[in-house]
Amino acid sequence: MQSKRAIQGFVLGACFLAIGLVVAVAVAYSVTDGQIVDLAQVALLRLQLGEQQSELFAPFGESENRTRFTIPPGADAAAIAASLFDASLIRDKQLFLDYARVEGLDRKFEAGVYFLNQRLSIAEIAPMLTDSSASHILFRTLEGARIEEIAALIDSNGLFGFSGDDFLVTVRAGADLPSDFAAWAGVPAGASLEGFLFPDTYQLPPDISPLALRGFLLDTFRDRVGDQLRADALAQGFSIHQIVTLASIVEREAVWREEHDDIAAVYRNRLAINMKLEADPTVQYGLQGRRGGWWPNITRADYRQAASPYNTYLVGGLPPGPIASPGLSAIQGAIYPAESNFYYFRAACDSSHYHNFAVTFDEHVANGC
């Protein structure tokens, strides 16, 4: 009798369980707009993940170098997991899929560009891939860099979707320059944008193009220089292109910003009496990297033998264009030089990187070490 009652109880329990499952499925069906959610399977996955916590929260490796990771439109969770695995960002594709499903992320992954590294775990990566708007490229350009050095920074950054050479095409001599900026700055036809890629720290969208990057740098230049500095330069008989040419020399000569207006004064004084500028950085620029670096050591012989329109020991006046990107301080120094009668300067002998200034050549020689 007990056995029979046990069987009846089991059957009755199974009936109630079946009814409960039917009700659960019906409710799930109604609240998910016709898409039946396998609650039992998700619950089972959650239990399994509870036993895999160490794998979920373990990073793939030690490298903190960010990797550009792209989710194309229409990619499903399986394709994303496979791409993460191929990029050496996760170790277990199925674990990623299970976690994404349990957390409801598998239907929230968003097409776009993300920047990930091996220090991230599956539990950290999965939610990141639901919002591409948080991604950006941090890019810093330095005062005194020439366009080739900026191109090298693009390559070393590793996060851009294009190469430094792709960017050079948009800024080197002969490029199709934006006419409004060229007119505002007085850039001659056919000239490069050397000097106008404003040195600053930028947060850039991950899908930025070479032309868009050029636009960011030029817009920043125009915003930072402004119309008042331009007007004051024009009132002195200088275009912004000429001012930036002078400022780029000042930037390469000076180590300390407080000397920008003093060094600019020397060159402005020389220009006023048609005296050659005789600036070493212009000789370096004219060598165009032929000695294995953009700013090589030069000798006295180079002053007379390095034939180039940029060699201001041979050619009078300003060189044809800027030799590097000056910062705002150097540009201001070129427009508002110090009031002085100095025509010479040379590095001080105390290794401070400051300079001694002189009115006459004899004083200049006496300042030697």
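Trainee: Is His353 buried, partly exposed or exposed, and what is its relative accessibility?

Mentor: Burial is read from relative accessible area: buried means under 20%, exposed over 50%, and partly exposed in between (1.4 Å probe, protein chains only). At 47% relative accessibility, His353 counts as partly exposed. Before going on, note that this is a predicted model, in which local features need pLDDT of at least 70 and side-chain atom pairs count only at pLDDT 80 or more, while totals for chains, interfaces and linings use all residues. Residues are numbered from 1 along each chain as its sequence is written, and side-chain values use heavy atoms, with hydrogens and water left out.

Trainee: Where is His353 placed, and what is its phi?

Mentor: Helices (H or I, at least four residues) and strands (E, at least two) are DSSP runs, numbered from the N terminus. His353 sits in the loop between β5 (344-347) and β6 (355-358). Its phi is positive, about 70°, although His353 is not a glycine. Gln288 is another non-glycine residue with a positive phi, near 55°. Gln288 is in the loop between α13 (280-286) and α14 (300-305) and is partly exposed, with a relative accessible area of 35%.

Trainee: How many salt bridges does the structure hold?

Mentor: Side chains of opposite charge can pair when their charged atoms come close. The term salt bridge is used for a side-chain nitrogen of Lys or Arg within 4 Å of a carboxyl oxygen of Asp or Glu. The structure holds six. One of them joins Arg119 to Glu62, with the closest N and O atoms 2.6 Å apart. This pair links distant parts of the chain, 57 residues apart: Arg119 lies in the loop between β2 (112-116) and α6 (122-128), and Glu62 in the loop between α3 (53-56) and β1 (67-71). Arg119 is partly exposed at 39% relative accessible area, whereas Glu62 is exposed at 62%.

Trainee: Which residue forms a salt bridge with Asp200, and which one with Glu278?

Mentor: Asp200 pairs with Arg224, the closest N and O atoms being 3.2 Å apart. Here too distant parts of the chain are linked, 24 residues apart: Asp200 is in the loop between α9 (179-185) and β4 (201-204), and Arg224 is in helix α10 (residues 210-235). Asp200 is partly exposed at 26% relative accessibility, and Arg224 is partly exposed at 40%. Glu278 meets Arg270 at 3.9 Å, N to O. In that pair Glu278 is partly exposed at 31%, but Arg270 is buried at 6%.

Trainee: Which residues touch the most other members of the largest nonpolar core?

Mentor: In soluble globular proteins, nonpolar side chains tend to be buried together. A nonpolar core is a set of buried Ala, Val, Leu, Ile, Met, Phe, Trp, Tyr and Cys residues joined through side-chain atoms within 4.5 Å. The largest core has 65 residues, and Leu213 and Phe221 touch the most other members. Apart from it lies another core of 26 residues, including Ala77, Ile80, Leu89 and Leu120. Contact means heavy atoms within 4.5 Å. Not counting residues up to four places away in sequence, Phe221 touches several residues, among them Phe181, Trp184, Ile240 and Ile331.

Trainee: Why is helix α15 described as largely enclosed?

Mentor: Six of the eight residues of α15 (residues 328-335) are buried, so the rest of the structure largely encloses this helix. The buried residues are Leu328, Ala330, Ile331, Gly333, Ala334 and Ile335. Their cover includes α10, α11 (240-253) and α12 (260-272).
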